[in-house]
Amino acid sequence: MDKRDVSRLLSEIAVLLELRGDNAFRVRAYENAARVIDALAEDLGVRVEAGTLTELKGIGEAIAGNISEYWRTGAMTFYEGLVDATPPGYLEMIRIPGLGAKKVRALGEALGITSVAALKRAAEKGEIRDLKGFGAQSEKKILKGIALLESGAGRFLAGAIRPIAENLLDSLRARDDVEAAEIGGSLRRWAETVKDVDLLVATRKPAAVTKAFLALAPEATVIASGETKTSVRLASGLAIDLRLVAPSEFPFALHYFTGSVAHNIRIRARAQDRGMSLNEYALSGKRHAAVKTETDLFRVLGLPYIEPELREDRGEIEAAEGEALPRLVREQDMRGILHCHTTASDGKSTLEEMGAAAAARGAEYLGIADHSASARYANGLSEAELKRQEKAIDAWNASSATLRILKGSEVDILPDGTLDYPDSVLERLDFVVASIHTSFAMSDDAMTARIIRALRNKYVSILAHPTGRLLLQREAYRLHLDEVLRVAGEEGVVVEINANPHRLDLDWREAMAARARGVRFAVNPDAHHVSGYDDIRYGIGVARKAWLTPKDVINTLPVEKALAVMRERR
DNA sequence: GTTTATTTAAACGTAATCTACCTAGATTA
């Protein structure tokens, strides 16, 4: 069990309480507590043992007791009681857009509907429209909502959504009546997955902009459209919210709609402490005419500008107060690209194409790391094939004045923790990337031991995609990640932040904790085609969310220094 | 259920939009 399990359970309790019609503030207290636990940087177990949970703001006697019970016994009496008292289908029904706790309960109590399937049948038969508070319109909405839920559209990869949002933004910015436009929400904070897109526009002609926005997505369903807000849903299920504010309101609205909720709560409280009141449109109580940008807004509150990626209430406000915010790594700090594939294994671009495209991007070096021999799934290179590739790289380096290609391999960590090539092969390479692609279903102890054994091999430079997760598709394999990262730090093995938008592995939360323990990182596109280089920005997003500076990321080093880091244990 | 100021009790976020009723409750962000 870890703190995310606890956080999830607290969130579920909040929903169950809401379904029971419990005090709304009690509901919020549990939501709050879930957030506090999720954002906790330290070890939850230590606090449970020490009995210091109530020192956390938002955790009182009752919730602390519940958490302790759950932590020690694996079960929580209070939660079990709630589950027993709630029809199991309610939890699923409340996920239908447009249905909240009150309506779910009304449906259950008046019509005996306690599952999504029963709800669908009743809506199709027109049995819901006669219920007080519902109408024919509601039936339609419920059916649409169920269809959406069934299509699996709930969250989306940020990497799939960002280009759509940026296109819309470009079109909006091109208009004369749009004075400013930005992406807001979790997408602006570079979250790995997003629920929807928030677009924010400053304009004096909201009606005209709304009309133009709707014309940009003619196929979309309009969920709501008013003077200041319009919501549409694309065929994919993705909801896009457009918010329109007057130019003078823009900095306040941008900050507010960027979030996170937890960050906003802190900032709002800070405004109050200073005799001001902050909402999405203005800062009242003191002079604020001078607030033209978010930077101004932070300054009025006595803070330097806080980058959107950091706004998760994970210490950024305290760091800002102490002038201790990190100088976050940027894409333009990157000198080298590591961990890329070619047609020699499962890539789609040749070595020469990959080299030319990397040079065109201004990279100083490119680390090729095709799959190793046993990786049949990916056409892994035999030792002879690897040798041929090394010669091809020598030829490239002899003729290229700008971009140097480094010889590497993405070597499979075999089930027993040994590597797929013998040391005599690894020794010839400039760098070695080790990773897991097979035998995922091990116990956490066995997986941890397997990876640690690989990390102890002195030729291993980088541990790639350390958890094997595929966002929205596949959970991480079971392992003691803390332990693995501790050993990586000790051994000086660089930990990858895989920039592929499906992976983004290591997760930013873990990277944040690992950084504090001195782990160094590589932000790698794992490109299988020249177009894969474009993913680097997503890896940079993760690195920034993890508070990483250029010093924490070895790709910012010149080639000789990067090589020295990757070979320092030999 | 938690925090805070009033130390026993009040405050806890708010605004926009929708839908069913004609002003209000529910939902969402």
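Helices (H or I, at least four residues) and strands (E, at least two) are DSSP runs, numbered from the N terminus. This is a predicted model: local features need pLDDT of at least 70, side-chain atom pairs count only at pLDDT 80 or more, and totals for chains, interfaces and linings use all residues. Residues are numbered from 1 along each chain as its sequence is written, while chains are lettered from A and ligands numbered from 1 in the order in which they are written.

**View 1. W547 sits in the loop between helix 23 (536–545) and helix 24 (559–567).** W547 is not a glycine, yet its phi is positive, at about 70 degrees. For burial, the count is of other C-beta atoms (placed from the backbone) within 10 Å of a residue's own: 20 or more makes it buried, 12 or fewer exposed, and anything in between partly exposed. W547 has 23 C-beta neighbours inside 10 Å, so it counts as buried.

**View 2. N379 is another non-glycine residue with a positive phi, here near 55 degrees.** Look for N379 in the loop between strand 11 and helix 18. It has 15 C-beta neighbours inside 10 Å and therefore counts as partly exposed.

**View 3. An open sheet of seven strands runs in the order 10-11-12-13-14-15-16, with parallel pairing.** Strand 10 and strand 16 (521–524) are at the edges with a single partner strand each, so one side of each has no neighbour in the sheet. Pairing here takes at least two bridges found by DSSP between two strands.

**View 4. Strand 11 (residues 365–371) is largely enclosed by the rest of the structure, because seven of its seven residues are buried.** Strand 10 (residues 336–340) pairs with strand 11 in the parallel sense over three bridges. Across this pairing, I337 stands opposite L366 and C340 stands opposite I368. To get from strand 10 to strand 11, the chain passes through helix 17 (residues 351–360), making a right-handed β-α-β crossover. Right-handed means that, with the strands pointing away from the viewer, the path from the first strand over the helix to the second runs clockwise.

**View 5. Strand 11 also pairs with strand 12 (residues 404–412), in the parallel sense and over seven bridges.** One bridge to pick out links A369 with its partner G408 in strand 12.

**View 6. Helix 9 (residues 136–150) has 15 residues and reaches 21 Å from its first C-alpha to its last.** That is close to the 21 Å expected at 1.5 Å a residue, where the expected span is 1.5 Å times one less than the number of residues. Which residues of helix 9 are buried? They are E139, I142 and I146. These residues cover an arc of only 60 degrees around the axis, which puts them on the same side of helix 9; the arc is that of the directions from the helix axis to the C-beta atoms. Helix 8 (116–124) is included in what covers the buried residues. Contact here means that the C-beta atoms of two residues, placed from the backbone, lie within 7 Å.

**View 7. P97, in the loop between helix 6 (89–93) and helix 7 (101–111), touches G145 and L148, not counting residues up to four places away in sequence.** P97 and G145 are 48 residues apart along the chain, but their C-alpha atoms are separated by 5.5 Å. With 16 other C-beta atoms within 10 Å, P97 is partly exposed.

**View 8. T228 lies in the loop between strand 5 (221–225) and strand 6 (229–233).** Leaving out residues up to four places away in sequence, T228 touches P206, R243, L244 and V245. T228 and L242, 14 residues apart in sequence, are 8.1 Å apart in space, C-alpha to C-alpha. T228 has 15 other C-beta atoms within 10 Å, and is partly exposed.

**View 9. Worth checking on the backbone is the cis peptide bond that joins G259 and S260.** Its omega is about -5 degrees. S260 is in the loop between helix 13 (250–258) and helix 14 (261–273). The peptide bond from D505 to L506 is cis too, with omega near 20 degrees. L506 is found in the loop between strand 15 (494–498) and helix 22 (508–516).
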